[in-house]
Amino acid sequence: MIKKTFNKMYDTDIGYSFFNSKIAIISSSIFFIIFLCSFFAGIVAPYNPFDPASVSLMDAFTPPVWSEGGSASFFLGTDQQGRDMFSTMIYGSRISLIVGFASILFAMILGVFLGLTAGYIGGRYEIIVMRFTDIQLTIPTILMALLVDGIARAVISRSMHDEMAIYVLIFAIGISEWPQFARVTRASTLVEKNKEYVSASRIIGLSNIIIMFKHILPNILRPILVIATIGLALAIITESTLSFLGVGVPPTTPSLGTLIRFGNNFLFSGEWWITFFPAIFLVVLALSINLLGDWMRDALNPKLKKR
Amino acid sequence: MSLLEIKNLNISYKTRKETIVASSNVNFTLERGEILGIVGESGSGKSTIANAIINLIDPPGQITDGTIKIDNKELQNNEEVIQKIRGKKIGFVFQDPQTSLNPLFKIKDQLIETIQTHLNISYEEALKKSINLLKEVGIENATKRIEDYPHQFSGGMRQRVVIALAISCEPDLIIADEPTTALDVSIQYQIIELLKELTKKRNLGVVIITHDMGVIAETTNKVIVMRHGLIVEQGNTKDLLTNPKSTEARSLVISVPPTNKKIKRFKLIGPDGSEITSSSDNLTKNIIKTWGVRKNTNQKLLELQNITKIFDDQSISYRKKIDENAVKAVNNVSFQLFEGETLGLVGESGSGKSTIAKIITGLVRPSVGKLEYNGLSLYNSKRKYQIDKSRGQIQMIFQDPYSSLNPRFKVKDIIAEPIKFFQKGITRNDLEQNINDLIDIVGMTRKSLDRYPHEFSGGQRQRISIARALATRPRLLICDEPTSALDVSIQAQILNLLKDIQDELHLTMLFISHDLPVIRQMCNRIIVLKNGIVCESNDTETLFNNPLHEYTKELIRLMPKIESII
């Protein structure tokens, strides 16, 4: 049964391209492992770093197991509060992935909706939407996210802020990523809407909503999927950058970026592992997603296919 | 010694799943002064052979066996020899003149570059030679036109420039791959005449690859008929066209629409070689039970009054006034369409045929004019299409079978969608019955319902397209070049099917085509369009036998006729 499904998958062009690309296999398995670890963080992580009972300040600044003074119970060492690095990173990557996925989903829904309607309806509506994306693309992503975060801080009361921080972050990253989706979607829609099957649907009398979302959308999903994958890596990095700058998630629920910021303070006092491991972890995570996106772009685009 | 000699040529394309044999055991020779035609349906390996001669087979394609000799010199797999010979000894004319010239270079540069690569002459000499070449292929004012860029030439002119390029280094052999397919009838005629003339004057050998039997009949001395990479028949053009022996050749010849008479149905050749005479009796008529029998009342169904269309970008300009100098895609066109008849719209590219179809179906708004369907105006005072009164009753079949079906929908869903839209709350059984009736009437198996469009050939897709159009139970069917993307024998099948359906369901048809023989077979009445203006409108027989307008006369005179040789 499993063999049959595998053979079927292998038989498709995408499947064949996947199983014949070492990079695709390696990067997707790394990403998958990280994803599973963070999803089942409660089971995988040896400690719960957010449970005050399991953390002892006595264990603070324990180096990794292989260096002098290392302890076998803390494989990658501990941070300044005595939290196990390995567990903190897994819990941290959970936050990073949640923010990344949610913000990309938000950006995708907004961007695809605006791009699709702009491309299909055209006219003044299209001009307005596309000028908006042009304007927003002149503002760097980080700046945009900082701007949103700053406004949110001013609007939301201080006591609420920590609770709301993650949603603000998702909104801030999402709102700075949507123009990419809008542009790609609009361009693909313009190609697709001139095809004769769309004319046929219009002659039948189907409503514009049905034509846009039932007929055109499924046919333009490929490029959207590609930029969503590459955008995911970008969103995770943006989240880390914001957290590193101190405007991201609160220190009580640290993400990878927050961990790097904490560790940064101890870098020159010799406790290198506190910042080094989260940083490496972030690089591996972002790189694996990016490589996967790269492969996907090549595999889904018949023009780039090697003969 | 023959100019071109191909012996035992085998070419195959290795793909992941299978090895596709593009040509196997191909043998032929070509002498100087001869024009050889290669015909066959799409995928029969015609172009592969042409590419093999100039060694331009793309990987994974590979010549596995055989020899290609020009003047007894072996060409195959010898890149050094072929580089010298390609362009110098062999000239190549491609199908699409829009893309075969580099748009960034002047004509002059492209010609001189080619000439200087192969002939050892100075720039001035090469320039002089280029001008003479342009004159030879019939470009007026060549001294001045040579300074122009490709986009400043029309399609036919560009193809002349491509031919000038092909003959620039005095080649012995010209290979023309569908040289006239992208061109209009009158230009096609000129290009064919030019090729014939050059062959005689320069004593060239020419290989023409085409799917158009009319072109074959008018130009070639020898023909090769191919199927699945095999030569099934070859011989003298006249003998082969009048007395084809193989099933494939017979099927090609018999399904060509005759230009001199109207026949009731096209004859087809079955796979066993027997002739099939089609009639609507073969049709499964379950559909009539659900549709109810229709009567042909011969009443006026559609009327266009002074329709004019000017394309302008309405999103930017706010001008409401109509600019008198603007190009009118459709200019003051009026005609009537009566129930049960087939009206043909003929014209070359840019004559506004398709725009008229789009106006009738509501895809494009007319700038001026009135349009009435069944006594009701199709556009209200604000020029909005009045949907409920006409949609469903007017349906359309499109030209390109590859883009007219949504690739993400199963055939079942493609056909079901309009049914569900027009019969809200239809029961599952009724829906299934309806879909089965439709797939039966277009002559496809019910198994095909669960597949996706990409699993079907062009002809089969066009059948699905017809089924979809019929799903709304239309009274008026607009066919916009429904067969121009199809092979001749498939074209005959689809045209027969359209005739059958019309007979049974009493549909009214508006048949749009640039192909005069097809129009003659399909239509009762014909309207000839040129640049958006109606030139002539008359009964089919009267129009073909006694054309009144100059333009119509020319079109009829210039169309390639397969009968010219018989």
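In this predicted model, B:Asn306 comes out as partly exposed, with 13 other C-beta atoms within 10 Å. That count falls between the cut-offs, since a residue is called exposed at 12 or fewer and buried at 20 or more. B:Asn306 sits in strand E13 of chain B, which covers residues 300–310.

Turning to helix packing, H16 (residues 458–470) and H17 (residues 488–505) of chain B have their axes 10 Å apart and pack at an angle of about 15°. Angles under 35 degrees count as roughly parallel, so that is the label for H16(B) and H17(B). The crossing of H16(B) past H17(B) is right-handed. On the H16(B) side, the residues that meet H17(B) are B:Gly458, B:Gly459, B:Gln462, B:Arg463 and B:Ile466. Their partners in H17(B) are B:Ile490, B:Gln493, B:Ile494 and B:Leu497. Sorted by class, this contact has four nonpolar, four polar and one charged residues.

As for the two chains, 24 residues of chain B are in contact with 19 residues of chain A. Strand E18 (394–397) and helix H14 (411–422) of chain B each supply at least two residues of the chain B side. That side divides into ten nonpolar, eight polar and six charged residues.

Technical notes. Residues are numbered from 1 along each chain as its sequence is written. Chains are lettered from A and ligands numbered from 1 in the order in which they are written. This is a predicted model: local features need pLDDT of at least 70, side-chain atom pairs count only at pLDDT 80 or more; totals for chains, interfaces and linings use all residues. Helices (H or I, at least four residues) and strands (E, at least two) are DSSP runs, numbered from the N terminus. Two residues are in contact if their C-beta atoms, placed from the backbone, lie within 7 Å. Ala, Val, Leu, Ile, Met, Phe, Trp, Tyr, Cys and Pro count as nonpolar, Asp, Glu, Lys and Arg as charged, and the others, Gly among them, as polar. Axes are lines fitted to C-alpha atoms, for helices over the stretch in contact, and angles run from 0 to 180 degrees between N-to-C directions. Angles under 35 degrees count as roughly parallel, over 145 as roughly antiparallel, 65 to 115 as roughly perpendicular and the rest as oblique. A crossing is left-handed if the near helix is turned anticlockwise from the far one by less than a right angle, and right-handed if clockwise.
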